[in-house]
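Thanks for making time this morning. I would like to take you through a few local features, so please keep the sequence and the structure in view while I talk.

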Amino acid sequence: HYYSRKMADNNASEIGDAINSCSRGPARTAYKNVLGLSISVMLLFCAFQGLQSLQSSINSSGGLGLVSLIILYVFFVIAGFVTPGIVKILGTKYALMGGMFCHFIYVASNYYSDWYTLIPSSILLGFASGPIWAAISVHITEIAVKVAPILKETHQNLIGQFTGIFFLFFQLSQIPGNLASSLILLYSESNVTSDNCTNFSATMIERKYIYILISVFLVFDIAAIVTLALTVDRLPRETPFRSTKNKFRVYFLTPLTDTFKVLVNWKMFFVGFMFIMGGLEQSFIFGTFTQKYVSECVGVSRVGLMIIVLGLTSAAMSALLSRLVKYVPRFVFVIAAGLINSGLLIFLRLWKHTASYPLIFLFPIGWGIADAIWNTISSSFVGILFPTNSDPAYSIARMWLALGYVIGFIAANFGDIAASVYLLLAVAMATVVLYLVVEIVVYLQSKRPQSPPAAVNKAYLYELELYTPVAI
């Protein structure tokens with residue numbers, strides 16, 4: 001913190017010149033990148049979110065849909081160990097672009113969804129998801145840290161604000177894809193209601209409607225790639241790939257070592273439960289809830305409508321959080337999210353499993369509020385805890401998120417509703433407690449007088465380098 005403040009004060013004018021060299025003001029440059037990144041990712045996940053919410057229904061034969069999602073997130077976890085090196089080699093922009101092409105392949109494989117098409121594409125997307133999410137978080141954090149002195153904001157507040165903006169658009173991605181799926185699939189259903197929620201025919205969809213739906217999703221993916229290419233700047237990296245002699249050490253060994261150091265950090269372990277909770281609640285809504293309470297009760301076409309309600313609520317809450325983080329302590333939101341999740345799960349456990357339109361639209365409202373809190377607070381908190389080690393920190397964070405998805409989808413595929421509910425309740429309570437421990441320690445440490453370290457690590461100085469967008 002000493003060196004970040006010192007260099008920010010001494011070099012503020014130089015940073016301003018660097019940013020203004022792109023013929024834009026610093027605020028305009030920063031927001032152009034954040035908004036461009038947010039919109040491109042929103043378009044990308046319009047396709048993925050819409051497809052993910054339907055996997056357990058349209059590919060229910062042999063459990064193919066849920067198994068493919070489990071495999072996808074297992075390889076997401078594995079990819080976390082090499083993600084920092086990939087982001088370091090490609091940079092945030094090109095890591096994102098490569099990941100988007102993998103998304104395109106995954107969506108296209110659903111034209112002919114079978115074990116030999118969907119499983120390989122799930123493995124590919126799983127490996128790509130680590131670099132995608134790490135690049136997103138690193139890009140937002142680096143911009144916030146470098147322009148905060150110019151905008152006369154603390155980098156903590158700016159990280160929270162930019163993260164809130166990103167998740168506003170990310171949550172909006174639930175709407176277009178799921179709206180398209182609802183409108184298209186509405187014409188293909190036959191018998192769509194069942195009082196005892198055992199109407200498995202409600203999940204049967206004609207293939208021609210699935211082909212139309214996949215084509216719409218591919219259009220979203222293409223739009224995402226084009227938007228990213230045109231609006232997001234390439235950030236400079238520490239050592240350009242072609243000019244580095246010891247590539248193995250710089251791009252593999254050092255990032256891998258840094259990743260393990262962050263992995264064993266007790267703060268990262270405790271905060272990791274926030275990401276596990278985020279993955280669990282998402283897998284619950286996309287796996288258990290969509291299949292057991294929506295598809296089998298009122299029809300698969302209502303899945304998209306339910307997810308739209310979830311997305312709208314999460315987007316509104318993310319937008320609100322981007323402003324409230326300046327005035328309301330983080331722990332208030334985290335406690336609120338834990339209470340909301342716990343209350344809804346207890347209600348779901350006590351409520352009789354029957355068809356209910358109010359349930360499928362009211363439940364996602366509360367779930368969306370909690371989801372927005374977990375996403376926004378956890379991502380910004382990692383940036384605050386590890387400002388000089390953001391690449392491996394965000395990589396580990398997304399590994400925890402993917403682990404939450406894996407556990408949740410396994411519970412949905414091999415367990416019953418009760419098992420998923422009790423699992424989520426236990427993790428929700430543990431997450432709040434562990435988060436509060438970290439928050440208290442951080443608060444106490446902030447009250448101690450800061451003294452400059454005897455030496456400055458080269459990697460630390462790199463994190464403080466000038467933010468200079470580079471043209472394609």
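**A helix pair, a helix and a serine**

Helices α12 and α13 cross in a left-handed sense, meaning that the near helix is turned anticlockwise from the far one by less than a right angle. This is a predicted model, in which local features need pLDDT of at least 70 and side-chain atom pairs count only at pLDDT 80 or more, while totals for chains, interfaces and linings use all residues. Residues are numbered from 1 along each chain as its sequence is written, and side-chain values use heavy atoms, with hydrogens and water left out.

The axes of α12 (residues 330–350) and α13 (residues 357–385) come within 9 Å and cross at roughly 150°, the axes being lines fitted to C-alpha atoms over the stretch in contact, with angles running from 0 to 180 degrees between N-to-C directions. That makes α12 roughly antiparallel to α13, a label for angles over 145 degrees.

Turning to α7 (residues 174–185), nine of its 12 residues are buried, so the helix is largely enclosed by the rest of the structure; buried means under 20% relative accessible area with a 1.4 Å probe, protein chains only. The buried residues include Gln174, Asn178 and Leu185.

Finally, Ser122 lies in helix α5 (residues 115–151) and counts as buried, because its relative accessibility is 0%. The Ser122 side chain reaches the backbone oxygen of Leu118 at 2.7 Å, and, leaving aside residues up to four places away in sequence, Ser122 touches Ser68, Leu72 and Tyr106.

Definitions and conventions
Helices (H or I, at least four residues) and strands (E, at least two) are DSSP runs, numbered from the N terminus. Buried means under 20% relative accessible area, exposed over 50%, partly exposed in between (1.4 Å probe, protein chains only). A polar contact is a pair of N or O atoms within 3.5 Å; within protein, one must be able to donate a hydrogen and the other to accept it, and residues adjacent in sequence count only if both atoms are side-chain atoms. Contact means heavy atoms within 4.5 Å. Angles under 35 degrees count as roughly parallel, over 145 as roughly antiparallel, 65 to 115 as roughly perpendicular and the rest as oblique.
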